[in-house]
Amino acid sequence: MAQLPDNPDALYGDVIMEHYRSPRHRRRLERPDAEAEEFNPFCGDRANLQLQLAEATSKDAVIAGVSAVAEGCSIIQASASLLADGVHGRTVDEASDLSQLFRDLMQGKPLPPVALEELGELSALEVVRQYPVRIKCALLPWVALEEGLRRLR
Ligand code: ZN
């Protein structure tokens with residue numbers, strides 16, 4: 001297992017550190033349509049996700065509101081923030097596709113350029129693959145997302 005250097009900036013890069021320092025979508029929703037929370041007892045990471053649809057009745061409804069609050073290391077916080085940015089404005093199906101793409105990225109599956117484009121800033125988290133112990137941290141908010149999406153269906 002690789003040793004984590006003292007200076008995480010150099011390790012993780014600008015996108016991750018930017019989202020870690022100024023996480024997006026942390027404000028709680030007043031009336032979420034779904035909420036899910038995941039906890040990793042191994043390292044104490046926690047992710048709480050709230051989702052709100054534009055019209056709760058339509059099957060193609062867009063995720064108009066998202067709140068992602070993560071506690072723990074810089075990776076889970078950056079991942080939660082990037083997730084929130086990524087799913088905001090997508091339909092439930094699109095968000096679920098994005099989640100699958102992100103898992104593929106973290107598992108090291110070769111992705112076509114179009115998939116990397118779809119992931120956008122999220123592809124910055126690929127660097128975490130060099131530190132296997134942190135992959136779970138990056139994925140935890142996505143486990144919460146998938147649970148939340150299930151509750152919306
Ligand atoms: Zn962590």
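This is a predicted model: local features need pLDDT of at least 70, side-chain atom pairs count only at pLDDT 80 or more; totals for chains, interfaces and linings use all residues.
Local features need pLDDT of at least 70 and side-chain atom pairs pLDDT 80 or more, while totals for chains, interfaces and linings use all residues. Residues are numbered from 1 along each chain as its sequence is written, and side-chain values use heavy atoms, without hydrogens and water.

View 1. Asp45 (OD), Cys73 (SG) and Cys137 (SG) coordinate the zinc ion at 2.0 to 2.3 Å. Donors are N, O and S atoms within 2.8 Å of the metal (3.2 Å for Na, K and Ca); water is not among the atoms, so sites may look incomplete. The donor spacing in sequence is D-x27-C-x63-C. Asp45 is in strand 2 (residues 45-53) and Cys73 in the loop between strand 3 (63-71) and helix 3, so the pair ties together parts 28 residues apart in sequence. Helices (H or I, at least four residues) and strands (E, at least two) are DSSP runs, numbered from the N terminus. Both Asp45 and Cys73 are buried (under 20% relative accessible area, 1.4 Å probe, protein chains only).

**View 2. Arg90 in its loop.** Arg90 sits between helix 3 (74-87) and helix 4 (92-106). Arg90 counts as buried because its relative accessibility is 17%. Beyond neighbours within four places in sequence, its contacts (heavy atoms within 4.5 Å) are Ala61, Val62, Ile63, Ala95, Leu98 and Glu118.

**View 3. Buried residues of helix 6.** Buried residues of helix 6 include Cys137, Pro141 and Trp142. The buried residues of this helix pack against strand 1 (34-40), strand 2, strand 3, helix 3 and helix 4.

Conventions
Buried means under 20% relative accessible area, exposed over 50%, partly exposed in between (1.4 Å probe, protein chains only).
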